[in-house]
Amino acid sequence: DFVPGVPLFLVIFFTATRVGQPRSDPSYVMVACWLLHYVWRGILTPLMMRYSSPDVDIGIMLGGFFPNSMFNVAIALHISVIDYDSDENEYFKDPRFGIGLAIFIIGYVCNRWADLHLRSLREESSSSSSTSSTE
């Protein structure tokens, strides 16, 4: 779902604008966070994880395509047209922005740690099963 998701998101983000207003810096921070998460989840995780089967059923892929596309459209539109009541620099000083960014970073780090831990468990499981099958 990464392949159609990111181009769809970026096209909508860069074409949907508030009438007569340029896009704001906080919007770019939010897009960067979204892209960081999406690149990890859509490209790096499948490449680094060890799955029991290298194949994915077409039904699973197609079943995720529509809701994922709708999600990308909704997020891109929201980030693109969001209106900040005050000066953009004031938005960065708002505690809600800092708290939200901290929650994102903590969640991102915890998610990466969990992925790496899961990968190591699968490595241990596959090495112990190959050892027991050779005996």
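Basis of the entries. I am working from a predicted model, in which local features need pLDDT of at least 70 and side-chain atom pairs count only at pLDDT 80 or more, while totals for chains, interfaces and linings use all residues. Residues are numbered from 1 along each chain as its sequence is written, and side-chain values use heavy atoms, with hydrogens and water left out.

Cysteines. I looked for disulfides, taken as pairs of cysteine sulfur atoms within 2.5 Å, and found 0 in the structure. I also noted C110, which is partly exposed with a relative accessibility of 46%.

Aromatic rings. I counted 7 aromatic pairs, using rings of Phe, Tyr and Trp (its six-membered ring) with centres within 6.5 Å, and calling planes under 30 degrees apart stacked, over 60 edge-to-face and the rest tilted. For F13 and Y28 I noted ring centres 5.8 Å apart and planes at 80°, so this pair is edge-to-face. Because F13 belongs to helix α1 (residues 2-15) and Y28 to helix α2 (residues 25-48), the pair ties together parts that are 15 residues apart in sequence; helices here are DSSP runs (H or I, at least four residues), numbered from the N terminus. F13 is buried at 0% relative accessible area, whereas Y28 is partly exposed at 37%. I then found both residues in one aromatic cluster, formed by F9, F13, F14, Y28, W34 and Y38.

Charge over a ring. I recorded the charged end of R112 over the ring of Y108, 4.0 Å from the ring centre; the rule asks for NZ of Lys or CZ of Arg within 6 Å of the ring centre and within 35 degrees of the ring normal.

Salt bridge. I found 1 salt bridge in the structure, defined as a side-chain nitrogen of Lys or Arg within 4 Å of a carboxyl oxygen of Asp or Glu. R96 and D94 form a salt bridge through their side chains, at 2.6 Å from N to O. R96 is exposed with a relative accessible area of 66%, while D94 is buried at 19%.

Note on methods
Buried means under 20% relative accessible area, exposed over 50%, partly exposed in between (1.4 Å probe, protein chains only). Helices (H or I, at least four residues) and strands (E, at least two) are DSSP runs, numbered from the N terminus.
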